[in-house]
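Morning, everyone. I'll take a few minutes on one model, so please bring it up on your screens.

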Amino acid sequence: MININNKSKIIFHIDLNAFFATVASIINPTLKGKAFAIGRENSFKGVLSTASYEARKYGIGAAMPISQALKILPTLIIVNPNRKLYEEYHMKFITLLKEYSSIIEVASIDEAYIDMTEKSKVMHPLNIAKEIQDRLLKQYQLPCSIGIAPTLFLAKMASDLKKPLGITVIRKREIEEMIYDLSVKEIFGIGKKTWPKLIEKNIKTIRNFMDFKNKQLILGLIGERIYEYATNNILGNSSNIVDPERYAISDSISTSATYDNYLSSEEDILIELRNMTKQIHRKMVLSSYLTKTISITLRDKNFHTITRSKTIDYTKDLYEILDVVSDLLEDNYSGEDLRLVGVGLGNLLLENEIPLEYNLFTFESLTKKEEMINKIMNSFNEKYGDDFIKKCIKK
């Protein structure tokens, strides 16, 4: 049982299972039970955003180049992304959660943290979780997994333990029992570049990672900063603050990361840039912004840094942005070891502030509007005098 009378916070992490694939199968039920992935149809360029569970059985998943996925499974169905529909279902998801708490931190389009401490005083957290899970599935056909814990990190770890449609509780006293025997690759925050090196040195499980006798070996692989961060998270000593404003935005937004173990392959770099792009993209979209300039930053082991950017039409389409990031990397990466990579979205404007650009299509529309305004002005001036409109404006 969860002790709802103690002083620990009760944090939910709700993760919509295979969200993009789920939405695709909602609008096209013939996809259910088939191996398919979300990407650009009729194209070998770009990367996949996600794959159905049937496709994942073949090792196909997010950030995989489409060309590679089709080599693995030539019969793989590639489905075009539908941004508007994803946003529609995202809003349904968040609107439902707001019925339970106002303290919601949207982590991405398909996941959110919720502080359920107050709600749990009047309803058992397991009952809340089951109700949310049932409602999302019955009302919107959205399966989800829910993790319940006293910190954000542990709640995230808990939601990953049972997919799809799982509900998992991790209490501090149960941390060792619940997660120590998991692979180190399951530690949220340990990158895909790092955990293979740990496993290579026989640090295969979280128990191995937390064993003090392995500390010096691990420090040599990942550095003290990452080590301390990870161990504090695992012990339940990390943040329990669900911050709805964590992703506040300004006129530009960027993020970067420095790696103790250099990134040395284009695939690894693309995975990191993709994850960063998703992170800052969700901040942008949730604040109703669009971007016009996408940039990447690459710094090699000798501290030589380049920043390259591309300006496009205003957009909030994640896949269009990811394609630009992929192109920028392909055009500017030469195989060197990188110690830092970053991505940025610039020239941000609110959707309702985007200027209308003159072109062959908008010009005709503007001309018609101008003609209509002139017709109205002439009509008033004929009836009330030539200076009527001017006098009204002056007043």
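Phenylalanine 20 has 7% relative accessibility, under the 20% cut-off, so it counts as buried. Keep in mind that this is a predicted model. Now, tyrosine 319. At 10% relative accessibility, tyrosine 319 counts as buried too.

These two rings pair up. Their centres are 6.2 Å apart and their planes stand at 75°, so the pair is edge-to-face. Phenylalanine 20 belongs to helix 1 and tyrosine 319 to helix 13, so the pair ties together parts 299 residues apart in sequence.

Tyrosine 319 has another partner, tyrosine 86. Here the centres are 6.4 Å apart with planes at 65°, so this pair is edge-to-face as well. Tyrosine 86 sits in helix 4, 233 residues from tyrosine 319 in helix 13. Tyrosine 86 is also buried. The structure holds six aromatic pairs.

Back to helix 1, residues 19-27. It lies across strands 2, 3 and 4, at about 110° to strand 2. Those three strands make an open, mixed sheet, ordered 3-2-4. Strands 3 and 4 are at the edges with a single partner each, so one side of each has no neighbour in the sheet. Strands 2 and 3 run antiparallel, joined by two bridges. Isoleucine 38 faces threonine 50 there.

Next, the core. The largest nonpolar core has 40 residues; Phe12, Ile14, Leu97 and Ile132 touch the most other members. Helix 4 gives the most to this core, seven residues. A second, separate core has 30 residues, including Leu198 and Tyr227.

How values were computed:
Residues numbered from 1 in each chain as written. Predicted model: local features only at pLDDT ≥ 70, side-chain atom pairs only at ≥ 80, totals over all residues. Heavy atoms only, no water. Pairing = 2+ DSSP bridges. Helix = DSSP H or I, 4+ residues; strand = E, 2+ residues; numbered from the N terminus. Contact = heavy atoms within 4.5 Å. Axes fitted to C-alpha atoms, helices over the stretch in contact; angles between N-to-C directions. Core = buried A, V, L, I, M, F, W, Y, C linked by side-chain atoms within 4.5 Å. Buried < 20%, exposed > 50% of the residue type's maximum accessible area, 1.4 Å probe, protein only. Phe/Tyr/Trp six-rings, centres within 6.5 Å; stacked < 30°, edge-to-face > 60°.
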